[in-house]
Amino acid sequence: MTTSDLLGEVKRTGTLPGLPDGLYLDGSFQAARAGRRMESFDPGTGEAFAEFARGDAADVEAAVASAAHAFKSVWRDTAPAARGRILARAAQMILAEGERLAIAECLDSGKRLSEAEGDVRGAARAFEYYAGACDKLEGRSFPLGPDYLGYSLAEPVGVAAHIIPWNYPLSTAARGLAPALAAGCTVVAKPAEQTPFTALMLADILTRAGLPAGVCNVVTGTGAEAGAPLVAHPLVDHITFTGSVATGRRVMKSAADHVTRVVLELGGKSPVIVLDDCDREQALDGVMGAIFENAGQICSAGSRLVIQRGIADGFLEELVARARRLTLGHGLRNPDMGPVNSAEHLAKIAGFLDRARARGAEILTGGRTATDPQTGKGWFFEPTIVADRPAADELVQEEIFGPVLTVQLADDADHALELANGTPFGLVAGLYTRDHGTAHRLARRLDAGQVYINEYFAGGIEVPFGGTKLSGFGREKGLEGLLGYCRTKSVAARL
Ligand code: NAI
Ligand code: MG
């Protein structure tokens with residue numbers, strides 16, 4: 001089937017033929033033990049388009065047992081170069097099967113097809129990157145003098161659980177699974193109940209790329225029924241969680257029972273600082289992408305514009321004009337902006353704006369729910385910009401996770417820094433200025449895991465990613481992300 005054939009069929013039927021509908025356990029698709037199933041919705045229409053297995057604690061038990069067995073019996077002792085070859089093959093297959101993956105992601109999450117295609121390329125890149133790192137995990141030797149030999153081994157930690165959110169289902173799975181597998185860990189992944197399919201498709205690709213049965217398992221289902229028993233399981237050695245602060249806290253408390261390692265990648269309320277000496281076009285493009293890409297449902301979205309007063313009026317005027325020009329529509333048609341992921345989430349976003357209106361906030365554009373103009377269906381929110389809010393306002397302090405930009409006015413660079421750091425989050429910060437001295441001085445003082453200078457979202461799989469404060473801790477991506485799946489064993493011998 002050629003590209004346009006498949007896409008045409010999906011547009012006609014509203015679903016993708018051949019979607020996986022079981023859990024992925026021990027190298028094959030299986031029904032949930034209790035036989036239960038649930039529906040996944042297409043946010044672009046608000047209608048269910050496919051069913052999937054609704055796993056529970058019994059399925060988690062089987063998946064963890066499978067992963068623990070595969071760890072001891074095969075994967076930790078597979079030669080690193082051989083692990084690398086499997087991951088490299090998987091990277092190629094992700095690209096080769098990219099169209100199906102992108103369409104599945106678009107239907108399931110609501111994101112625009114072109115963004116989903118970008119996520120597929122990113123997922124392949126994560127496997128490519130970590131494929132090359134498998135055989136470069138070196139230990140060290142320690143200088144104990146002539147009568148001793150001291151050295152370290154970078155050992156895989158064991159079974160790694162991955163709790164995956166709905167905003168970047170494939171990307172988040174890939175950036176977690178690739179380093180875990182590269183390090184020699186085995187995996188049980190729990191995708192979000194809103195977006196189960198691409199993690200299942202990825203597990204199947206990995207098996208066809210040569211991954212032994214049991215090394216990668218996927219249990220679909222709800223957070224309460226499948227996620228909670230997974231993170232509480234005594235045979236899980238490491239948890240990578242991406243999602244909300246509230247659930248992250250719960251996961252960390254549960255992990256404490258077995259002293260299980262956790263990486264928490266939680267929310268953000270990331271500032272984009274625009275100083276008056278910036279390249280205006282560059283800054284306008286950056287601010288637009290920072291908040292309206294994926295309809296603002298990005299942990300690292302730039303949801304606060306911290307702008308120097310001198311240029312604020314003209315800049316905001318142009319920003320509002322651009323926001324009003326954005327087209328909304330079903331993701332498969334590649335509008336400028338797609339829907340948000342669920343009816344509940346849409347209501348949550350709308351609640352923030354209703355309360356803001358009641359407080360007398362000035363909404364420069366947007367602020368209401370919407371539908372696909374072609375069908376009148378779907379869960380959409382207008383691209384929204386809210387004029388200057390005081391630092392204590394909930395639009396400044398709380399993650400909305402939607403296409404809502406809150407403005408804050410700054411007198412100068414130091415004031416901008418103070419405003420930027422003034423939330424309980426610290427995931428990323430963006431900065432637009434032509435003065436490199438100012439840029440790097442602020443970069444040191446910004447309380448955030450990463451700083452983007454003159455290009456929001458600059459970076460790639462090579463760059464460690466994670467938060468400070470309520471945005472969480474631990475780092476994914478980069479070699480640091482790989483080391484997160486290793487533990488150091490020190491060996492000291494008397495000669
Ligand atoms: P959530 O944090 O509850 O869900 C994320 C993942 O955790 C899903 O796979 C879910 O099934 C799982 N989960 C839920 N409860 C669990 C538990 N007790 N133990 C283990 N796993 C569990 O987030 P939700 O409810 O989907 O969205 C709520 C809000 O969180 C959103 O409105 C948004 O503001 C924020 N969010 C932030 C994300 C980020 O990337 N920082 C991603 C998704 C949501
Ligand atoms: Mg869905």
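A residue counts as near a molecule or strand if one of its heavy atoms lies within 4 Å of it. With that in hand, 25 residues surround ligand 1, and the closest are Trp166, Lys190, Glu193, Ser244 and Lys348.

Before going further, some housekeeping. This is a predicted model, where local features need pLDDT of at least 70 and side-chain atom pairs count only at pLDDT 80 or more, while totals for chains, interfaces and linings use all residues. Residues are numbered from 1 along each chain as its sequence is written, chains are lettered from A and ligands numbered from 1 in the order in which they are written, and side-chain values use heavy atoms, with hydrogens and water left out.

Back to ligand 1. One of its oxygen atoms sits 2.6 Å from an N or O atom in the side chain of Glu193. For Ser244, a side-chain N or O atom is 2.8 Å from an oxygen atom of ligand 1. The protein covers 86% of the 800 Å² of accessible area that ligand 1 has on its own (Shrake-Rupley method, 1.4 Å probe; for residues, only the protein chains shown count as cover). Two or more residues of the shell come from each of helix H8 (223-231), strand E10 (238-242), helix H9 (245-257) and helix H12 (343-358); H8 gives the most, with 3 residues. These elements are DSSP runs numbered from the N terminus, with helices (H or I) of at least four residues and strands (E) of at least two.

Now for the metal. Ser40 (OG), Phe41 (O), Asp108 (O), Asp108 (OD) and Gln194 (O) coordinate the magnesium ion (ligand 2) at 2.2 to 2.6 Å. Donors here are N, O and S atoms within 2.8 Å of the metal (3.2 Å for Na, K and Ca), and sites may look incomplete because water is not among the atoms. Ser40 counts as buried because its relative accessibility is 1%, whereas Gln194 is partly exposed at 25%. The cut-offs are under 20% relative accessible area for buried, over 50% for exposed, and partly exposed in between (1.4 Å probe, protein chains only).

Finally, take a look at helix H2 (residues 57-75), where you'll find Ser66. Ser66 is buried, with a relative accessible area of 7%. Its side chain joins that of Asn217 in a polar contact of 3.2 Å (a pair of N or O atoms within 3.5 Å; within protein, one must be able to donate a hydrogen and the other to accept it, and residues adjacent in sequence count only if both atoms are side-chain atoms).
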